[in-house]
Amino acid sequence: MFSTIRFIVVTLAGVFLGLASAWWAVGNLHFKGAQTIGQWSVVEDDAKANPYEAARAARRGGGGLGPSEGIELITETSADNKPLQAACAYLVTGPMPQGVLWTLTVSDRDGHLPANPARRFGFTSLDAMTFGPARQVRISIGREVRPGDFVATTDLSSLRLTLRLYSPTLAARAPSRDQLPSVTPLGCEQKDAS
């Protein structure tokens with residue numbers, strides 16, 4: 001009787017520890033350096049070669065773009081190399097590669113979209129306002145509404161920006177740093193001291 005109970009406890013502990021360590025490994029281990037362009041990291045489709053990458057892609061809700069579709073870039077840091085925080089406001093400003101369809105999506109690190117009344121989760125090359133001959137974008141992100149293109153980060157606990165560039169030529173030759181926008185901080189919410 002005692003050996004049966006011990007067997008069940010050891011088995012349950014092993015299953016729990018195995019699942020917990022796999023969850024941690026998928027979220028925290030990176031097996032090779034990702035290609036970076038400024039503050040943006042290129043999401044490579046390594047899901048076929050690495051089971052941890054396949055699990056990471058499944059957890060975030062996608063597997064990246066195929067080689068004939070374009071490239072996917074993410075950032076979790078601002079231009080001053082500090083982690084993005086959902087309680088802070090940021091300005092995404094600068095050029096986008098010319099002649100390329102693009103989308104910019106705001107989410108948390110797990111891929112959850114913000115819950116906001118406007119149901120706006122990002123912008124595309126078709127609906128974002130652009131300025132000047134280089135067609136630069138100016139998109140504000142934060143909890144307080146700002147004029148112009150704006151995405152609210154309501155209910156997010158962390159912050160990730162995903163930029164997808166749809167063009168077969170970009171899959172072979174990534175854009176340079178001066179062809180991508182930067183994310184600059186505008187300020188953070190101050191918590192009330194009560």
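The side chains of Arg160 and Glu76 are joined by a polar contact of 2.6 Å. This is seen in a predicted model. Arg160 sits in strand E10, residues 160–166. Its relative accessibility is 12%, so Arg160 counts as buried. Glu76 reaches 23% and therefore counts as partly exposed.

The pair is also a salt bridge: the closest N and O atoms of Glu76 and Arg160 are 2.6 Å apart. Glu76 belongs to the loop between E3 and E4, while Arg160 belongs to strand E10, so the pair ties together parts that are 84 residues apart in sequence.

Glu76 has another partner. Arg109 forms a salt bridge with Glu76, with the closest N and O atoms 3.2 Å apart. Arg109 lies in the loop between strand E5 (101–107) and E6, and Glu76 in the loop between E3 and strand E4 (88–94), so this pair ties together parts that are 33 residues apart in sequence. At 35% relative accessibility, Arg109 is partly exposed.

Elsewhere, Asp127 forms a salt bridge with Arg120, and here the closest N and O atoms are 3.0 Å apart. Asp127 is partly exposed at 34% relative accessibility. Arg120 is partly exposed too, at 28%. Through shared partners, salt bridges join Glu76, Arg109 and Arg160 into one network. The count of salt bridges comes to four.

Now the sheet. Six strands make an open sheet in the order E1-E2-E3-E10-E5-E6, with antiparallel pairing. Strand E1 (36–37) and strand E6 (122–124) are the edge strands, and each pairs on one side only. Within the sheet, strand E2 (residues 40–43) pairs with strand E3 (residues 70–75) in the antiparallel sense, over three bridges. Val43 has Glu72 in E3 as its bridge partner.

Next comes helix H1, residues 2–28, which holds Val9. Val9 has 52% relative accessibility, so it counts as exposed. Together with Met1 and Ile5, Val9 forms a nonpolar patch on the surface. The accessible area of these residues together is about 350 Å².

Last, turn to Glu189. This residue is found in the segment after strand E11 (182–188). Glu189 counts as partly exposed because its relative accessibility is 40%. Leaving aside residues up to four places away in sequence, Glu189 touches Ala87, Arg143 and Glu144. Ala86 is 103 residues from Glu189 in sequence, yet their C-alpha atoms are 9.6 Å apart in space.

Key: Residues are numbered from 1 along each chain as its sequence is written. This is a predicted model: local features need pLDDT of at least 70, side-chain atom pairs count only at pLDDT 80 or more; totals for chains, interfaces and linings use all residues. Side-chain values use heavy atoms; hydrogens and water are left out. Helices (H or I, at least four residues) and strands (E, at least two) are DSSP runs, numbered from the N terminus. Buried means under 20% relative accessible area, exposed over 50%, partly exposed in between (1.4 Å probe, protein chains only). Contact means heavy atoms within 4.5 Å. Two strands pair if DSSP finds at least two bridges between them. A polar contact is a pair of N or O atoms within 3.5 Å; within protein, one must be able to donate a hydrogen and the other to accept it, and residues adjacent in sequence count only if both atoms are side-chain atoms. Patches are made of residues with over 30% relative accessible area and no salt bridge: like charges are joined within 9 Å, nonpolar side chains (Val, Leu, Ile, Met, Phe, Trp, Tyr) within 5 Å. Accessible areas come from the Shrake-Rupley method with a 1.4 Å probe; for residues, only the protein chains shown count as cover. A salt bridge is a side-chain nitrogen of Lys or Arg within 4 Å of a carboxyl oxygen of Asp or Glu.
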